[in-house]
Amino acid sequence: MGMVLSTMPIGDYDRRVVILTKECGKISAFAKGARRPNSALLACSQPFTFGQFTLLQGRSSYNLLSADISNYFTDLREDLDSVAMAMYFCEFADYYGRENVEATQMLKLLYQSLRALSKKTIEQRLIRYIFEQKIMVVNGEGPQVFSCVKCNEEVNCEKSYAFNVREGGVICDSCKRQYPGSFYLQPATIYTLQFIEAQTIEKLFTFRVSEGVLEELARLNEQYLDTYIDRKFRSLKMFEPF
């Protein structure tokens, strides 16, 4: 079971596809003849296709033989902004994906994130911030948001707390003066971060937040990713103003 993250033309008629799979993590496979108009692999070798893939393992790579696709995310493909965001999510998953490392949670997050983009029931910006936070949590790099990173004081969501990117989490008022560069987050933002970290993936995209919380999430995520992710994602250029 998996989802196609990216494709690349090979030769005159073939494709190389990168698939994030539940059982085997990220794998590359050759789809022979997939660019021929009448090929059975034409549709299933497109980005965002999700389903069961049948692959033959060779000495150094896989060959894609067939696929039973359960979701092509057709609605998503009709909106350019949604396609761009989905490409970003796939590139992020490609960054974390590893071959022969089970990727159940990451695949589930990617699938539910694309579903949220398709449904458009919550803001696209919020979908992005939820995805960014949760994929880092799934891969063990999420921020500490339930206690102070210095003294371990339990966070009270009725209070404001500072956040320090370098230290990787929230800082209480007593410890804040030891960490220059910290910035305050309102209680609603702290609660949102806790919800994203603790909630199951299936229930992640079920809430809305104020514009103020969105702005704080944008600032936090931008700085956090710059600090802990050692890649500049090419797909993000689609969101940059000309």
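Which helix holds both Tyr88 and Phe92, and how many residues apart are they? I found both in helix H2, four residues apart, about one turn of the helix; helices here are DSSP runs of H or I with at least four residues, numbered from the N terminus.

I noted that this is a predicted model, in which local features need pLDDT of at least 70 and side-chain atom pairs count only at pLDDT 80 or more, while totals for chains, interfaces and linings use all residues. Residues are numbered from 1 along each chain as its sequence is written, and side-chain values use heavy atoms, with hydrogens and water left out.

I then looked up burial (buried means under 20% relative accessible area, with a 1.4 Å probe and protein chains only): Tyr88 is buried at 0%, and Phe92 is buried at 0%. Phe92 also forms an aromatic pair with Phe233, tilted, at 4.7 Å centre to centre and 35 degrees between the planes; rings pair if their centres lie within 6.5 Å, and planes under 30 degrees apart count as stacked, over 60 as edge-to-face and the rest as tilted. This pair links distant parts of the chain, since Phe233 lies in the segment after helix H7 (211-228), 141 residues from Phe92.

I turned next to H2 (residues 80-96) and H4 (residues 124-138), whose axes, lines fitted to C-alpha atoms over the stretch in contact, come within 11 Å and cross at roughly 5 degrees. The two helices are therefore roughly parallel to each other, a term for angles under 35 degrees. Among the residues making the contact (heavy atoms within 4.5 Å), I listed Tyr88 and Phe92 of H2 and Phe131 of H4.

Conventions:
Axes fitted to C-alpha atoms, helices over the stretch in contact; angles between N-to-C directions. Parallel < 35°, antiparallel > 145°, perpendicular 65-115°, else oblique. Buried < 20%, exposed > 50% of the residue type's maximum accessible area, 1.4 Å probe, protein only. Phe/Tyr/Trp six-rings, centres within 6.5 Å; stacked < 30°, edge-to-face > 60°.
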